Amino acid sequence: MTVLPLHKYFVLNGELKGVRFFVPGENDGGIYEVLRVVNGIPLFLEDHLARFYQSAEIAGKTIHYSESQINAFLKELIQKNKINEGNVLIASKLNLEAFFIPHVYPTVEMFNDGVVCGILKAERENPHAKVFQTTVRQRADQMLAEKKFFEVLLVDHLGKVTEGSRSNVFFVLGNHLVTSPASKVLLGITQQKIFQIAGELNIPVFEREVNFSELSQFDAAFLTGTSPKILPVRQIDAFKFNVQNEIVRNLMQRYNELIEKYLKDSIK
């Protein structure tokens with residue numbers, strides 16, 4: 001999957017370059033990470049870089065730059081482009097690159113009213129490494145464009161709902177949450193924050209496989225990810241959910257508070 005940089009500059013092996021020097025497709029098939037920049041600050045940077053290094057280890061790659069070096073690259077990228085809000089992709093196959101990419105953030109109406117998701121029968125080859133997987137992403141993008149879904153959820157060959165094409169998914173049943181086992185999905189940074197917040201709110205979280213046929217049993221559902229944050233789902237295929245569910249709304253509020261705290265701590 002070839003992604004082109006936005007704005008004037010990108011990072012190539014630690015150096016800021018004009019986008020005219022960008023080589024399309026150079027890191028296709030490599031590992032990657034997408035960061036959200038808020039007020040000029042890469043959100044939850046430490047968590048994203050930890051996953052980036054983990055993906056590199058799983059994929060048998062070596063990242064020749066330290067966390068502090070990548071932090072410095074990103075700071076320069078943000079400042080030089082004069083962009084304080086957006087998504088940045090870090091990728092590595094042949095080289096280490098970082099650049100701003102197009103993003104789609106949910107609207108206020110989507111957060112209020114929830115979104116509609118479709119179903120795609122597909123599964124990641126290696127759910128533990130964030131690697132460009134062109135076939136699944138192309139099929140997902142095609143469905144998103146044709147059906148006007150916000151997201152499509154992957155259903156494996158056993159009929160289990162695993163994750164979104166670019167997000168994780170949680171379900172609410174009574175007073176607890178249900179989400180796919182860590183062994184079946186790419187662990188999301190926002191997903192991990194949900195585990196943290198749920199623990200603080202004494203909301204049990206059960207990691208188990210979810211059959212597509214049991215979706216009608218759940219009270220609510222929501223997506224988590226870098227761009228959507230915590231986003232209520234009002235419908236998956238033919239199944240409808242309560243977007244005003246109290247647990248979902250509490251999690252949304254606490255997650256936004258967590259973001260605000262991270263931003264304040266980052267500028268101290």
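Predicted model: local features only at pLDDT ≥ 70, side-chain atom pairs only at ≥ 80, totals over all residues.
Strand β14 spans residues 220–225, and because six of its six residues are buried, the strand is largely enclosed by the rest of the structure.

In a regular strand the side chains alternate between the two faces of the sheet. In β14, A220, F222 and T224 point one way, while A221, L223 and G225 point the other way, and the residues of both sets are buried.

## The strands paired with β14

Strand β10, which covers residues 168–173, runs antiparallel to β14 and is joined to it by five bridges. Within this pairing, V169 is found opposite L223 of β14.

Strand β15, made up of residues 229–236, also pairs with β14 in the antiparallel sense, again over five bridges. Here T224 stands opposite I230 in β15, and the two strands β14 and β15 form a hairpin in which three residues lie between them.

## Residue T179

T179 belongs to strand β11, which consists of residues 176–179. Its relative accessible area is 2%, and because buried means under 20%, T179 counts as buried.

When neighbours within four places in sequence are left aside, T179 is in contact with V169, F170, Q191, F195, V205, F206, E207 and R208.

Definitions and conventions: Residues numbered from 1 in each chain as written. Heavy atoms only, no water. Buried < 20%, exposed > 50% of the residue type's maximum accessible area, 1.4 Å probe, protein only. Helix = DSSP H or I, 4+ residues; strand = E, 2+ residues; numbered from the N terminus. Pairing = 2+ DSSP bridges. Contact = heavy atoms within 4.5 Å.
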